[in-house]
Amino acid sequence: MSLVGACLAILRREVRLGWGAGGGALLSASFFAGSVMVAPFALGPAPDTLGKIGPGYLWLALTLASLVSLERLFQADLEDGTLDQMLLSPVPHSLQVLSKILGQWLATAVPLLAVSPIAALLVRVEPEVILPLCAQLAVGSLGLFLIGAIGAALGASVRRGGLLVALVVLPLYAPSVIFGASAAAALATGGDFFSQPFLFLCALVLAALAFAPVAAAAAVRLHVD
Amino acid sequence: MTAIRALHHDVRLQISGVALQRGYRRLVADFDLTCEPSDIIALQGPNGSGKTTLLRALAGFHTPFAGRITLSRLQGPEIEEPGEVLSFLGHQDPIKAGEKLIDQLRFWADLCGANRDRVAETLAQVGLSKQADLQGGVLSAGQRKRAALARLLLEDRAIWLLDEPASPLDQEGRALLGALLDQHAKQGGIILAAVHDPLPGVAARILTLGAVESGVVA
């Protein structure tokens, strides 16, 4: 039990709260679906134009959709004193933060990824590319959530801090989006799944997995004072 | 010493020369206090005199401007983190609106490594058995405080830091609080509570904050 059990408890709770009343787990998914749905209207339904920018557009939608859920990641816990109690737990704080981020990712990104194949069809991605592309989006979304958590932690005590969080996080998102969109473009032009940009993206996600929880934990600690 | 060894908790808390500051406002200066097992301290003082800040400093949330806070066991391993021996009950109640009360307490039990089976028992102890399956959002302020007390019982740590524990409780709730405080002190626990009214049911040493000149420091 103890360490793993406690981390799983945090993760389960994050999913439960996300899907419970007022949890807002579907917010990102609906934002993602909505922004893809208007793409053919805004950009014109011509298959050649839409097909060319489709994979990149999915990355754009994923990036913005992941921002939507960030604001509340730590704010609710800070306001009701949950973070105080978590600091007094014997479990290392960065592990708790990692579990929280993973829980949030499971609750929020999984529904988003579930609708992403349909979204890909809407923007005319070639059918045989859809599943590999969505797999890359899944890897990328984990990285975006991890990096975003740092911004969410920094902005946790700011009322309506969504703007601040977005300003902090968007520049940090740039590398993931660049590599992710290049990997998607490579897929769309018949390249390998494990193309060079995708391997870079994987490396970024792994680095974020190691550093983001520590950075976010330190930022959260500042707010508790 | 033999009497103390038989106790469930044996932690000592020493505060020496602690000064607390919020922004440029000095709240507490040169504060000394030693708490032995079974001590009950009531911190009193006007609003803004630093009661909450002192409790938060003891919990390790707030870094004192000066001075030292030492936690030690009379015997046994050294204490590395305040969380090993100390529970904090703030004026916010960490109760989520959209989750069943019993699930919330099970979560806290998992997080502090307590036995999940004790959750139902502690809920009964604080008189919330009937509310176990209710969502947190429908609980009253007093019921939320009782739930927080149940968390304290689950955590089973030596030092209780309580910020206005009695404020939303009804008569019966205050009697319950008194009984829990008494039981905790008898087991060797230390209680530090920020209060305006005397703590119910127990005799506490009263410390008044805000007597020292507090004001803006350059």
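**Group meeting: a predicted two-chain model**

In this predicted model, 23 residues of chain A are in contact with 25 residues of chain B; contact means that the C-beta atoms of two residues, placed from the backbone, lie within 7 Å. Before I go on, some bookkeeping. Residues are numbered from 1 along each chain as its sequence is written, while chains are lettered from A and ligands numbered from 1 in the order in which they are written. As this is a predicted model, local features need pLDDT of at least 70 and side-chain atom pairs count only at pLDDT 80 or more, whereas totals for chains, interfaces and linings use all residues.

Back to the side of chain A that touches chain B. Helices α1 (3-19) and α6 (82-87) of chain A each supply at least two residues there, and the largest share, six residues, comes from α1(A). Helices here are DSSP runs of H or I with at least four residues, strands are runs of E with at least two, and both are numbered from the N terminus. By class, this side of chain A has nine nonpolar, nine polar and five charged residues. Nonpolar covers Ala, Val, Leu, Ile, Met, Phe, Trp, Tyr, Cys and Pro; charged covers Asp, Glu, Lys and Arg; the others, Gly among them, are polar.

Next, two helix pairs in chain A. Helix α8 (residues 127-154) and helix α9 (residues 162-188) of chain A pack at about 165°, with axes 9 Å apart. Axes are lines fitted to C-alpha atoms, for helices over the stretch in contact, and angles run from 0 to 180 degrees between N-to-C directions. α8(A) and α9(A) are therefore roughly antiparallel; the cut-offs are under 35 degrees for roughly parallel, over 145 for roughly antiparallel, 65 to 115 for roughly perpendicular, and oblique for the rest. Their crossing is right-handed, that is, the near helix is turned clockwise from the far one by less than a right angle. Residues of α8(A) in this contact include A:Gly140, A:Gly143, A:Gly148 and A:Gly151, and those of α9(A) include A:Ser176, A:Gly180 and A:Ala183. The contact has 16 nonpolar, seven polar and no charged residues.

In the second pair, the axes of helix α7 (residues 93-122) and helix α10 (residues 196-224) of chain A come within 8 Å and cross at roughly 105°. α7(A) and α10(A) are therefore roughly perpendicular. Among the residues that meet are A:Val97 and A:Ile101 in α7(A), and A:Val220 and A:Arg221 in α10(A). The class count for this contact is eight nonpolar, two polar and one charged.

Now chain B. An open sheet of five strands runs in the order β5-β6-β7-β3-β8, with parallel pairing; strands pair if DSSP finds at least two bridges between them. β5 (86-89) and β8 (205-208) of chain B stand at the edges with a single partner strand each, so one side of each lacks a neighbour in the sheet. From one strand to the next, the twist averages 15°. β5(B) pairs with strand β6 (residues 159-163) of chain B over four bridges, and B:Phe88 has B:Leu161 in β6(B) as its bridge partner. Helix α2 (residues 51-58) of chain B lies across β3 (40-44), β6 and β7 (190-194) of chain B, at about 145° to β7(B).

Last, the domains. Chain B is divided into domain 1 (1-85 + 157-218) and domain 2 (90-156), with bounds from an automatic or database domain assignment. Their centres, taken over C-alpha atoms, are separated by 23 Å. The contact takes 12 residues from domain 1 of chain B and 12 residues from domain 2 of chain B.
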